[in-house]
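Colleague: I am new to this structure and would like to learn how its features are read. May we go through them one at a time?

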Amino acid sequence: MKKITWLFGVLLFVWLFMLFELWLILQVILPLTIEADGFFGILLTGIVKAGVGAVSVIFWLWLWRRIEYTVFWKMFEKAYKEKF
Amino acid sequence: MMFTEFFTSITAFFLSSLITLFFTPTVADKMRQRGMVGVDVHKQRKPEVPEMCGVCILVGLAVSILVSLAILPNYAVDFLVFLSVVLFSGLIGAVDDLRRLGPRIKPLLTAFASLPILLTRIYDPRPILPLVGRTRLTIIYPLLIPFAIAVPSNAVNMLDPLNGVMSGTCSIVVFVLTVSAAILGHWNAVILGAGLLGALLAFYRYNRFPSRVFPGNVGTLAVGAAIGALVVIGRLEAIGVVAMMPHIMNGFYFLASVGGLYERRQMAARPIRVLSDGRLAASPNKSSPLTLTRTILAVGPMKEEEVIRYFFLLTAFSGFLAFLTMFMMM
């Protein structure tokens with residue numbers, strides 16, 4: 001079990017960040033309004049909401065991939081250098 | 001607790017188990033006779049194992065749903081929609097087993113399997129999410145339903161690398177979903193989940209290490225679609241996503257490392273290799289796909305049974321997180 005503790009850590013990170021993303025998108029980003037009149041205001045608000053939401057999700061996926069790759073190769077080099 | 005629903009769930013569980021237990025050896029013999037076998041590449045002897053035996057999961061599940069329908073006709077729409085999604089996905093899997101579909105066409109076809117849900121509108125576009133509560137997603141929700149079937153269906157299809165991993169991990173996921181549905185009082189999902197769990201556990205008896213049967217794409221695509229349909233019909237969206245995190249992780253790592261949709265047979269570099277002592281080791285090749293199996297093997301070579309145990313531990317942990325998510329929704 002100790003061998004894969006880091007994978008439990010990754011799962012926990014993904015779960016916590018997913019909850020944070022849900023809260024961020026539905027409680028912070030969706031209620032956002034930009035002070036501008038008429039159709040332009042609605043359009044700008046929509047673009048900003050979609051943009052900020054997409055950036056936050058892409059950041060989460062990028063961070064997840066980055067952590068996974070870094071830890072994988074670190075563990076791999078340590079384990080396989082010793083054994084082969 | 002509603003007695004009839006509880007009784008039907010127990011009936012569905014035992015009926016699907018018994019049918020799957022009874023039919024699997026017979027179907028395995030027939031498949032072997034017809035030359036429908038796959039090579040177990042992670043064993044030194046490279047044994048041939050009967051393929052497409054996942055069809056027995058479908059038979060067990062279908063009979064249990066039809067019997068449940070006879071007991072509780074008021075859930076007819078839910079049961080029939082669920083059954084049609086599962087059978088349609090199973091059919092796509094069977095065609096893939098026999099004719100080989102392309103890696104891009106398979107997700108597209110499984111997305112079409114969601115049509116019965118969209119046409120009957122049995123979904124609730126106001127899902128309850130953790131920390132947020134009830135949301136109103138009347139426009140976005142129907143657009144996400146094809147993904148709700150295609151993503152789990154293909155994620156389960158991708159997470160079938162070692163003996164018993166598909167049936168074992170999916171049994172844990174379905175157990176978590178069924179218990180969550182029971183706690184939340186969504187009895188339609190409890191009955192469907194009990195039927196699916198019974199069939200999966202019975203199939204695991206033959207599929208576990210060392211495998212005597214392989215589910216084939218007919219089994220993996222149908223089971224994944226069944227989980228997706230169960231999540232939508234039972235309104236278990238957030239719980240389902242968390243319970244399936246190992247499957248999602250595996251799919252995400254694979255797509256991120258190879259940069260697109262490819263079949264296993266199209267990959268030039270394999271993610272794992274078999275050592276001379278029979279243990280499995282992660283491939284040192286930088287261009288090999290980063291799968292969950294390779295990730296587990298990053299700490300050093302292991303026996304196949306040990307890797308399988310780690311798959312179950314990771315799924316059990318995500319199941320625990322799914323229960324925590326459910327309590328956050330209450």
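Colleague: Is B:R270 buried or exposed, or something in between?

Modeller: The general idea is to count neighbours: a residue is buried if 20 or more other C-beta atoms lie within 10 Å of its own, exposed if 12 or fewer, and partly exposed in between, with C-beta atoms placed from the backbone. B:R270 has 15 other C-beta atoms within 10 Å and is therefore partly exposed. This is a predicted model, in which local features need pLDDT of at least 70 and side-chain atom pairs count only at pLDDT 80 or more, while totals for chains, interfaces and linings use all residues. Residues are numbered from 1 along each chain as its sequence is written, and chains are lettered from A and ligands numbered from 1 in the order in which they are written.

Colleague: Where does B:R270 lie, and which residues does B:R270 touch?

Modeller: Helices (H or I, at least four residues) and strands (E, at least two) are DSSP runs, numbered from the N terminus. B:R270 is in the loop between α11 and β5 (272–274) of chain B. Two residues are in contact if their C-beta atoms, placed from the backbone, lie within 7 Å. Leaving aside residues up to four places away in sequence, B:R270 touches B:S283 and B:S288. The C-alpha atoms of B:R270 and B:R205 are separated by 28 Å, and these residues are 65 apart along the chain.

Colleague: How is the overall form of a chain judged?

Modeller: One guide is the radius of gyration, taken over C-alpha atoms; the globule rule is 2.2 Å times the number of residues to the power 0.38. Chain B has 13 helices and six strands. Its radius of gyration is 19 Å, close to the 20 Å that the rule gives for 330 residues, so chain B is as compact as a globular protein of that length. The C-alpha trace of chain B spans about 55 × 45 × 35 Å along its principal axes, and 53% of its 330 residues are buried. Among contacts in chain B with a separation of 6 or more, 76% join residues 24 or more positions apart.

Colleague: What does the rule show for chain A?

Modeller: Chain A has a radius of gyration of 20 Å, whereas a compact globule of 84 residues would have one near 12 Å. Chain A holds two helices and zero strands, and its C-alpha atoms fill a box of roughly 70 × 20 × 10 Å along the principal axes. Of its 84 residues, 12% count as buried.

Colleague: How many residues of each chain are in contact with the other?

Modeller: 24 residues of chain B are in contact with 21 residues of chain A. On the chain B side, the elements giving two or more residues are α11 (245–258), α12 (292–296) and α13 (304–329). The largest share, six residues, comes from α13(B). For residue types, Ala, Val, Leu, Ile, Met, Phe, Trp, Tyr, Cys and Pro count as nonpolar, Asp, Glu, Lys and Arg as charged, and the others, Gly among them, as polar. The side of chain B that touches chain A divides into 20 nonpolar, four polar and no charged residues.

Colleague: How is the packing of two helices described?

Modeller: Axes are lines fitted to C-alpha atoms, for helices over the stretch in contact, and angles run from 0 to 180 degrees between N-to-C directions. Angles under 35 degrees count as roughly parallel, over 145 as roughly antiparallel, 65 to 115 as roughly perpendicular and the rest as oblique. Helix α7 (residues 165–184) and helix α9 (residues 216–233) of chain B pack at about 10°, with axes 11 Å apart. They are therefore roughly parallel to each other. Residues making the contact include B:M166 and B:C170 of α7(B) and B:T220 and B:V223 of α9(B). The contact residues comprise nine nonpolar, one polar and no charged.

Colleague: Which backbone features deserve a look?

Modeller: Most residues other than glycine have a negative phi, and most peptide bonds are trans. B:K46, in the loop between β1 (37–39) and β2 (48–50) of chain B, has a positive phi near 50°. B:R100, which follows α3(B), has a positive phi near 65°. A cis peptide bond, with omega about -15°, joins B:F209 and B:P210.
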